Amino acid sequence: MNKQLRRHCDCRNYAPVDVVKGICHRTKQLILGDEDQCEQYAQLDKCKYCEHFAAAEEEFMGSCSADAAKPWTYPDLIAITCASFKGRD
Amino acid sequence: MGKKLSEVLEQSGLSMNFEAGGSAPESMVCREVSDQPSPRAQKLRELYYNTLSSATSEFPYWYTRFHKALDGELPIMRRALALKEAFAHLTPTIYPGELIVMGRTHHYRGSYPMPWLSEGYYMAKEDELHKAAMATGGASADELSKFGTGGGNVTQSFGGVVSLAGKFGMRQEEVPATLRIAREWVNKSVDDVCRKYEKMVPEYPIKESIMRNVVCIMDSGFTLPQGREVINYYYPLQYGFDGIIAICEKRKAEVAGRAGGDGITGMNRLYNYEAIKVVVEGIQAWIENYAKEARRLEELETEPVQKQEYREIAERLEWIAHNPPRNFREAIQLCWTAHLAVLNEDVASGMSPGRMGQILFPYFEQDKEKGAIDDREVLEWLQLQRVKFTCIDVFGSAGVVGGVLSGNTFNNLSMGGLQRNGQPAANELEKLIIEAGKRCVTTQPTLSVMYDEKLPEEFLLRAIECNKTGTGYPAWMNNRNAMDFMMRQYGREGMTVEEARAWSVGGCLESSPGSWYELELNGRKYSIPGGSGQPTSVGVHFLGLPKILELALFDGVDQRTGERVFPAHGKKLETYEELWEQFQDYFRMAVDCLATANNIQHDIWRKQNMSIFTSMLKARWIESGRLIHEMGYKYNGTYNVESCGTVTLVNSLVALKKVVYEDREASLDELKEAIRNNFGFKTAEEVKSYSLADQEKRDESGAYDRIHYLVLSAPKYGNDDRYADVVMQQWEEWFCPMCSEFESLYGLPMYPCQISVSTHAPMGAATVATPDGRLAGTTFSDGSMSAYAGTDRNGPYALFNSATVWDHTMSQNSQMNLKVHPTAIHGLEGSKKLLELTRAYMRKGGFHIQYNVVDSKLLRAAQREQEKYRDLVVRVAGFTQYWCEIGKPIQDEVVARTEYEGM
């Protein structure tokens with residue numbers, strides 16, 4: 001699971017080109033999103049890294065407790081524009 | 001294996017690979033070469049070549065989440081607030097080397113579904129009940145539409161990527177969320193709601209049968225409700241986004257609680273101004289998120305030049321998020337941002353930038369005067385703009401995106417034409433736009449010249465030189481024809497000759513009304529054009545003319561499916577006149593039920609899914625406070641009736657007239673029998689290909705050879721043969737005026753639109769053999785004035801004579817595609833010849849012509865080794881597309897077109 005959580009596509013410096021690959025802002029190289037993180041990994045804010053996120057039984061689904069209505073969400077939703085994001089320690 | 005169609009035609013002296021006006025050299029000839037893109041543009045274009053079409057659920061998630069939470073709000077405010085949150089939550093991505101930034105999503109070539117328009121595709125995947133309910137026409141068109149297998153199309157799922165609609169890839173971990181979002185729109189989407197009310201139209205069963213049997217290819221209200229129109233960038237350029245919000249606040253105070261003499265929509269003005277303000281705030285947040293990302297990258301970056309570029313990007317975005325642009329770079333970024341915002345607001349193809357070179361000219365002129373920019377820099381920015389436009393994807397079903405659009409998005413940039421005062425409008429910036437198009441060949445924006453006799457020769461020759469490089473653009477549109485059409489259609493809405501000059505091309509070649517706006521920059525005033533008309537190519541969306549003839553011949557029964565489409569007419573069709581009248585009856589019946597059903601679709605769309613940002617750009621909103629759904633645009637009579645397969649219809653009528661009714665060399669029953677048996681050929685399903693080149697004979701009995709030869713030998717349109725041309729004239733002089741018998745939901749008359757885009761492939765696939773000898777399942781003729789592949793044998797001027805036997809100003813457009821071998825127009829002399837050819841067609845009254853300058857051998861080589869030709873582009877029908885992203889039936893049709901070897 002941890003390995004899954006730390007892919008290039010979970011890095012803040014990964015500029016996604018498409019659903020497979022992206023450009024690393026550090027190296028300027030094209031890299032595959034699903035490959036393992038490198039030493040310069042900087043975690044990208046996503047729902048799955050937020051304190052308000054609770055995983056659901058259904059795979060790839062969850063809910064957000066930042067809103068009183070606890071709307072559903074999904075773990076890989078990028079949250080850098082979410083004012084309620086609170087990273088887990 | 002039986003004989004191939006190509007061999008049969010060859011033996012009949014009707015070669016499929018016909019060369020007119022000479023012979024092509026034996027060896028393959030490449031197009032004339034132009035300079036390369038700038039290294040920066042080259043690198044970003046290369047990145048595009050290696051990018052997959054990628055879909056995300058980010059925008060739909062936030063839109064749906066807030067829309068749901070706002071239950072009980074006014075419909076327009078609910079939509080505005082949902083749009084605001086969706087824009088504000090988009091993740092910004094900036095790629096190294098970019099100067100113009102921002103994209104539809106965080107992917108380079110990104111898009112997303114909008115299930116609030118239609119969620120059926122997703123539900124069909126997971127919900128059996130919904131799947132059964134959706135067993136309607138759309139699915140048939142989807143099944144018959146073929147994407148190219150190369151380029152960025154994700155035609156199959158792989159690894160952790162799921163293919164959607166046969167084109168877009170979505171990461172596996174986002175698919176459950178996408179399906180959940182879709183579920184939330186069941187019975188609420190425009191598609192679902194309008195299905196309910198459409199059924200109240202008495203003719204609905206005929207309409208559904210028409211859709212199921214692909215007599216018509218698409219419903220427009222929930223597929224591509226907007227587009228084929230021209231955006232207007234004036235308001236953000238003149239006022240800036242803060243200025244627009246200030247205007248909204250002022251107008252709200254003036255109209256709140258006051259009907260202003262309009263008891264129906266007067267009170268809406270308050271909500272409309274508030275909705276505009278809210279959406280603009282979302283767009284400001286979206287721009288600022290990109291600015292923050294640029295600042296972050298500036299911090300991260302160690303390379304000084306790139307660091308400086310990130311800083312400048314941030315400064316530009318921080319400024320334009322609130323203020324009117326001060327210079328060329330800010331203006332081009334703002335126009336791009338506004339363009340993207342329009343595309344993110346609704347599903348739309350053919351949202352055209354219009355006369356961008358004339359709109360940006362004030363900034364270009366003043367920056368050059370100040371020495372703030374030079375031509376070299378402008379040229380690079382224009383190339384970068386091309387790459388950005390090419391990255392646009394439209395998310396829709398396979399039938400729409402593949403079958404109709406061939407994956408193209410039709411962002412048409414118009415040049416030339418006339419200024420407000422009647423003087424030629426071509427300018428220095430437009431010359432650079434052409435040069436950027438030559439150097440950085442991409443599919444978007446496609447270019448169009450609004451040809452006018454007043455335009456300078458030097459400008460026209462530059463445009464021709466661009467054609468010679470094989471880009472397929474610019475297309476040539478007749479300015480005076482379009483102005484006449486504008487007056488004809490929009491005169492009732494107040495169009496003047498002066499305003500008619502502001503038209504430009506929306507989509508591939510839909511002439512679209514515009515207006516003049518006074519832009520003030522540093523105390524100087526400029527009159528700039530901008531779009532002011534509603535979407536076009538909405539209404540009756542592509543009627544297959546040969547298919548309707550088939551139904552007339554076979555008493556209303558589709559010969560492919562065996563299903564009854566129209567009520568039986570029971571006539572023996574003993575005379576040509578009787579057949580023609582029956583065709584007219586069925587055609588009118590089809591237009592009527594499609595118009596009423598589509599009016600309901602668009603009415604539901606305007607009530608639930610009205611455009612707010614696009615309306616702000618285009619409507620006379622400051623003065624009137626009304627938006628698109630309240631006829632707030634200056635010109636609202638834009639709905640039309642679109643045809644497909646004109647020349648296949650004409651050639652079929654000619655063959656029937658000649659062979660059956662006049663010469664009596666075969667009876668109607670014999671010809672119908674031959675059609676039912678596909679003239680002795682296997683069906684396209686049997687040979688597993690819808691391509692012309694792949695069709696083969698079932699056996700060698702020769703039972704239908706004679707009749708096939710007779711109809712193939714009958715006169716054909718495109719040869720200056722009066723026998724055939726009279727039929728073309730008869731068709732056009734009936735079709736064009738009859739469209740105005742039908743009215744759109746806005747109570748305004750419809751008009752004809754005569755372009756095929758790519759529909760001649762899937763509609764051909766759904767049609768059995770035709771009386772002109774065309775085989776079942778193969779493409780119809782392309783465009784509307786192009787000859788059927790290989791049948792124009794007397795040279796281009798004969799083709800022009802045939803094409804202009806009717807008055808093109810009665811129609812929104814007509815379409816002529818011509819394939820020219822590079823050697824025919826080599827050098828400066830060749831350029832002049834091609835310009836003279838173009839001029840000749842325009843002077844004769846033709847509306848549109850476009851050129852494929854290519855050696856057919858090159859196309860065949862590219863079919864064999866697709867991977868070697870990733871950057872090869874061709875002109876299809878109103879648009880330029882990457883060869884590898886086009887389905888094989890269309891590829892074969894382009895190869896089979898007559899190749900002109902000399903002028």
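Leaving aside its neighbours within four places in sequence, which residues is B:E73 in contact with? I began the notebook with this residue, keeping in mind that the model is predicted. The contacts I found for B:E73 are with B:R78 and B:L81. I placed B:E73 in the loop that runs between α3 and α4 (75-88) of chain B, and I noted it as partly exposed, with 14 other C-beta atoms within 10 Å.

**Entry: chain B as a whole**

I next looked up the overall make-up of chain B, whose secondary structure comes to 36 helices and 23 strands. The radius of gyration is 26 Å, close to the 29 Å that the globule rule gives for 903 residues, so I recorded chain B as being as compact as a globular protein of that length. Taken along the principal axes, the C-alpha atoms fill a box of roughly 75 × 60 × 60 Å. Of the 903 residues in chain B, 64% are buried. I also looked at sequence separation: among contacts between residues at least 6 apart in sequence, 80% join residues that are at least 24 apart.

**Entry: the side of chain B that touches chain A**

I then turned to the two chains together and found 32 residues of chain B in contact with 25 residues of chain A. On the chain B side, α3 (58-69), β5 (168-171), α8 (175-184) and α12 (268-300) each supply at least two residues, and the largest share, 4 residues, comes from α3(B). By class, I noted 15 nonpolar, 10 polar and 7 charged residues on this side of chain B.

**Entry: α10 against α24**

On the α10(B) side the contact is made by B:Y204, B:I206, B:K207 and B:I210, and on the α24(B) side by B:M589, B:A590, B:C593, B:L594 and B:A597. I recorded the classes in this contact as 8 nonpolar, no polar and 1 charged.

**Entry: the open sheet of seven strands**

I traced an open sheet of 7 strands in chain B, with mixed pairing and the order β1-β23-β19-β20-β11-β10-β9. Its edge strands are β1 (19-20) and β9 (412-416), each of which pairs on one side only. Within the sheet, strands β19 (residues 817-820) and β23 (residues 899-900) of chain B run parallel and are joined by 2 bridges, and the bridge partner of B:K819 in β23(B) is B:E899. I also found helix α21 (residues 479-490) of chain B packed on the sheet, where it touches β10 (446-451) and β11 (475-478), its direction making about 50° with that of β11(B).

**Entry: cis peptide bonds**

I looked for cis peptide bonds and noted one joining B:Q444 and B:P445, with omega of about -20°; B:P445 lies in the loop between α19 (428-439) and β10 of chain B. Another joins B:Y473 and B:P474, with omega of about 0°, and here B:P474 belongs to the loop between α20 (457-468) and β11 of chain B.

B:V214 sits in the loop between α10 and β6 (216-218) of chain B and is buried, with 29 other C-beta atoms within 10 Å. A residue is buried if 20 or more other C-beta atoms lie within 10 Å of its own, so B:L573, with 21 C-beta neighbours inside 10 Å, counts as buried.

**Entry: β7 and β8**

How many residues of strand β8 (residues 348-352) of chain B are buried? I found 5 of the 5 to be buried, so this strand is largely enclosed by the rest of the structure. Strand β7 (residues 226-230) of chain B pairs with β8(B) in the parallel sense over 4 bridges, and I noted B:V230 standing opposite B:S352 of β8(B).

Conventions: Residues are numbered from 1 along each chain as its sequence is written. Chains are lettered from A and ligands numbered from 1 in the order in which they are written. This is a predicted model: local features need pLDDT of at least 70, side-chain atom pairs count only at pLDDT 80 or more; totals for chains, interfaces and linings use all residues. Two residues are in contact if their C-beta atoms, placed from the backbone, lie within 7 Å. Ala, Val, Leu, Ile, Met, Phe, Trp, Tyr, Cys and Pro count as nonpolar, Asp, Glu, Lys and Arg as charged, and the others, Gly among them, as polar. The radius of gyration is taken over C-alpha atoms; the globule rule is 2.2 Å times the number of residues to the power 0.38. A residue is buried if 20 or more other C-beta atoms lie within 10 Å of its own, exposed if 12 or fewer, and partly exposed in between; C-beta atoms are placed from the backbone. Two strands pair if DSSP finds at least two bridges between them. Axes are lines fitted to C-alpha atoms, for helices over the stretch in contact, and angles run from 0 to 180 degrees between N-to-C directions.
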